[in-house]
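Hi there,

Here is the structure I promised to hand over. Please open it next to this email and follow along as you read.

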Amino acid sequence: CVSVGLAYAGRMIAGWVYNPFTNQFWKAVKGEGAYLNGRKLQMENRNLSDGICAFGCARYNEGDRVFGILEELFMRSLSIRNGGSAAIDLCRIASGSNVGYVEMKLQPYDYAAASVIIEEAGGVIGTAEGENITLDKPCSVVAGTAKAAEEIRELLTASTA
């Protein structure tokens with residue numbers, strides 16, 4: 001995909017993500033809403049049980065922590081998937097195809113543009129600990145509807161207890 005984000009003073013203000021294989025183009029500007037191919041997006045605050053949860057896991061990741069909760073994510077959701085592109089998986093939250101996403105170490109260029117799209121569509125994005133995502137270094141990412149993101153964080157917390 002092509003993913004371009006614009007930040008000002010350390011905050012994301014616009015994002016564009018294009019999937020050339022499906023001709024899907026997500027875009028958002030802070031305060032102006034999120035759109036997929038010109039159609040305004042507004043997320044419904046669904047639970048994990050009401051949708052699909054995506055995850056990412058690269059070799060540099062804390063894979064064991066993600067793998068430790070995958071079975072539980074699978075059992076609590078309709079299904080789990082790894083689409084291969086974090087930006088697209090995150091944008092699928094905004095458009096309603098996914099309800100959540102988790103990855104333990106992701107580069108800002110993978111999530112920055114999609115973060116604006118998710119927030120403008122009514123979703124949330126932050127770290128596994130519930131902090132703001134970073135733009136200057138990699139961090140964990142938990143995103144989704146407010147309900148699904150909270151459920152994912154609870155699973156992560158329980159897995160370290």
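Let's begin with a helix. The buried residues of α3 are P108, Y111, A112, A113, A114, S115, V116, I117, I118, E120 and A121. Buried here means under 20% relative accessible area, exposed means over 50%, and partly exposed is in between (1.4 Å probe, protein chains only). Helices (H or I, at least four residues) and strands (E, at least two) are DSSP runs, numbered from the N terminus.

Before going on, a word on where this comes from: it is a predicted model, in which local features need pLDDT of at least 70 and side-chain atom pairs count only at pLDDT 80 or more, while totals for chains, interfaces and linings use all residues. Residues are numbered from 1 along each chain as its sequence is written, and side-chain values use heavy atoms, with hydrogens and water left out.

Back to the helix. With 11 of its 14 residues buried, α3 is largely enclosed by the rest of the structure. The helix covers residues 108-121 and reaches 20 Å from its first C-alpha to its last, close to the 20 Å expected at 1.5 Å a residue. That expected span is 1.5 Å times one less than the number of residues. Where does α3 bend? The bend is at A114 and comes to about 30°, taken as the angle between axes fitted to the seven residues ending there and the seven starting there. Just after α3, G122 has a positive phi of about 110°.

Now for the sheet. Its 5 strands form an open sheet in the order β7-β6-β8-β10-β9, with mixed pairing. Two strands pair if DSSP finds at least two bridges between them. At the edges stand β7 (79-81) and β9 (124-126), each with a single partner strand, so one side of each is left without a neighbour in the sheet. On average, neighbouring strands of this sheet are turned by 15° against each other, direction ignored. For such angles, axes are lines fitted to C-alpha atoms (for helices over the stretch in contact), and angles run from 0 to 180 degrees between N-to-C directions.

Look next at β8. Strand β6 (residues 52-55) pairs with β8 (residues 98-106) in the parallel sense over 4 bridges. A54 stands opposite Y101 in β8, and F55 stands opposite V102. On to β10: 5 bridges join β8 to this strand, and the two run antiparallel. The bridge partner of G100 in β10 is G144. Is β8 mostly covered or mostly open? Mostly covered, as 8 of its 9 residues are buried.

Helices also lie against these strands. Helix α2 (residues 86-94) lies across β6, β7, β8, β9 and β10 (139-144), running at about 150° to β8. Helix α3 packs on the sheet too, touching β8, β9 and β10, and its direction makes about 150° with that of β9. Contact means heavy atoms within 4.5 Å.

D89 is buried, with a relative accessible area of 2%. Which residues does D89 touch? Leaving out residues up to four places away in sequence, D89 touches A54, F55, N82, G83, G84, N98 and Y101.

There are hairpins to find as well. Strands β2 (residues 11-19) and β3 (residues 24-29) run antiparallel and are joined by 6 bridges, with N19 partnered by Q24 in β3. This hairpin has 4 residues between its strands, and N23 in the turn has a positive phi of about 55°. Then β3 and β4 (residues 34-36), also antiparallel, are joined by 3 bridges, and A28 has A34 as its bridge partner in β4. The β3 and β4 hairpin has 4 residues between the strands, and G31 in the turn has a positive phi of about 85°.

Now the aromatic rings. Rings of Phe, Tyr and Trp (its six-membered ring) pair if their centres lie within 6.5 Å; planes under 30 degrees apart count as stacked, over 60 as edge-to-face and the rest as tilted. By this rule there is 1 aromatic pair. Y18 and F25 form this edge-to-face pair, at 6.4 Å centre to centre with 65° between the planes. Y18 is partly exposed at 27% relative accessible area, and F25 is partly exposed at 32%.

Happy exploring!
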